[in-house]
Amino acid sequence: MSAFPDIAKIAYEGPQSKNPLAFKHYKADEVIEGKTMRDHLRFSVVYWHTMCGNGTDMFGWGTAQRPWEAGLSGLDLAKARVPVFFEICEKLDAPYYAFHDRDVAPHGASLRESNKWFDTIVKLLKAQQKKTGVKLLWGTAQLFAHPRYAHGAATSCDANAFAYAAAQVKKALEVTHELGGEGYTFWGGREGYSSLWNTDMKRELEHLAKFLHMAVAYKKEIGFKGQFYIEPKPKEPTKHQYDSDAAACLNFLREYDL
C-alpha cells in the first residue's frame with residue numbers, strides 16, 4: 001500500500017513550470033560533458049532527516065505527524081519505515097540513499113541486541129534495494145546520540161566508549177559491504193573539546209588516528225572496496241571539533257599516515 005497515493009513520480013517540467021512537485025532544472029538523463037546529470041550529481045536521500053527527524057527543538061516536542069508511525073515504537077516502527085522510505089526515493093527518482101546504523105534500527109539493551117535488530121532491518125533494506133533499484137551510497141555508525149558518547153567516541157576518555165564505538169563501526173562496515181555501499185563515512189560530531197584545560201589534545205588525536213587505522217585494516221580484511229569519507233562540520237555540537245573543516249582533516253590524515 002502506498003504511503004503517498006496522491007503523489008506521482010516527480011518529473012522534469014523545465015524552469016517555466018509552476019508545479020511545486022516538479023524538477024525545474026534537474027533532468028536526470030540529460031548528458032553534460034559525456035555524463036548524465038544523474039551520474040554527475042549522484043543524489044541520495046538520507047534516512048535520518050527523512051524518516052527520523054520529528055520536528056523537535058529544545059523548547060518543545062516533535063510536531064511531525066506520520067501516519068505509518070501511529071502506535072508503533074522500537075523495532076516495529078523501524079520495520080514500518082523501510083517501505084515508506086524507498087517509496088520516497090522512487091518518487092524522487094533518487095538513485096541512492098545513505099544511513100546511520102541507529103537511523104534504520106533502534107538502540108537495543110546491549111550491543112548484541114542492537115546488532116540483531118540491525119540485521120533484521122538489513123534484510124528489509126536489501127529486499128527494497130532489489131525491488132526498486134535504489135543503491136546505497138554510503139553507510140555509517142551513529143557515534144554521537146547515545147549518552148556514552150558525551151565526551152567523544154574514538155577520542156573519549158573512557159576506554160569502554162572507544163571499544164563500543166569500534167564495535168559499532170565494525171558492524172556498520174559489514175552491513176555497508178553487504179548492501180553494496182559505494183563508500184563509508186566518518187563524522188566526528190563529539191570528537192573534540194570545549195576547553196583545553198581538561199583535554200590532552202595530542203592523546204585524543206592519537207586515539208582518533210588509531211581508531212581510523214583499525215577501520216582501514218578491517219575494511220581490507222572483509223574485502224570492502226568502497227571509499228572512506230570524513231565529513232567536516234564545525235561546532236555541531238562540539239565547540240572545537242577535530243574535523244572542523246577540510247584543511248584540518250587533510251592535515252590530520254597527513255600527520256597520522258592515513
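Biologist: What do the buried residues of helix 7 pack against?
Modeller: Terms before partners. Helices (H or I, at least four residues) and strands (E, at least two) are DSSP runs numbered from the N terminus. Buried means under 20% relative accessible area, exposed over 50%, and partly exposed in between, with a 1.4 Å probe and protein chains only. Contact means heavy atoms within 4.5 Å. Here, the buried residues of helix 7 pack against helix 6, helix 8 (246-255), strand 8, strand 9 (192-193) and strand 10. Among those buried residues are Leu-205, Leu-208, Phe-211, Leu-212 and Tyr-218, and Glu-204 and Lys-219 also belong to the set.

Biologist: What should I keep in mind about the model itself?
Modeller: This is a predicted model: local features need pLDDT of at least 70, side-chain atom pairs count only at pLDDT 80 or more, and totals for chains, interfaces and linings use all residues. Residues are numbered from 1 along each chain as its sequence is written, and side-chain values use heavy atoms, leaving out hydrogens and water.

Biologist: How many residues does helix 7 have, and what span is expected?
Modeller: The expected span is 1.5 Å times one less than the number of residues. Helix 7 (residues 201-222) has 22 residues and reaches 32 Å from first to last C-alpha, close to the expected 32 Å.

Biologist: What volume does the largest pocket have?
Modeller: On a 1 Å grid over the protein atoms alone, a pocket is an open set of points where a 1.4 Å probe fits, with protein on both sides within 12 Å along at least five of seven lines; lining residues have an atom within 4 Å of a point. Points are joined across faces, edges and corners, and volume is the space filled by probe spheres set on them. The largest pocket comes to about 420 Å³. Of its 20 lining residues, His-151, Thr-155, Cys-157, Gly-192 and Glu-204 lie nearest the centre. Helix 7 gives the most to this lining, with three residues.

Biologist: Where is the cis peptide bond, and which residues have a positive phi?
Modeller: Most residues other than glycine have a negative phi, and most peptide bonds are trans. The bond from Glu-236 to Pro-237 is cis, with omega near 5 degrees. Arg-42 has a positive phi of about 45 degrees and sits in the loop between helix 1 (37-41) and strand 5. Asp-93, with phi near 55 degrees, is in the loop between helix 3 (74-92) and strand 6.
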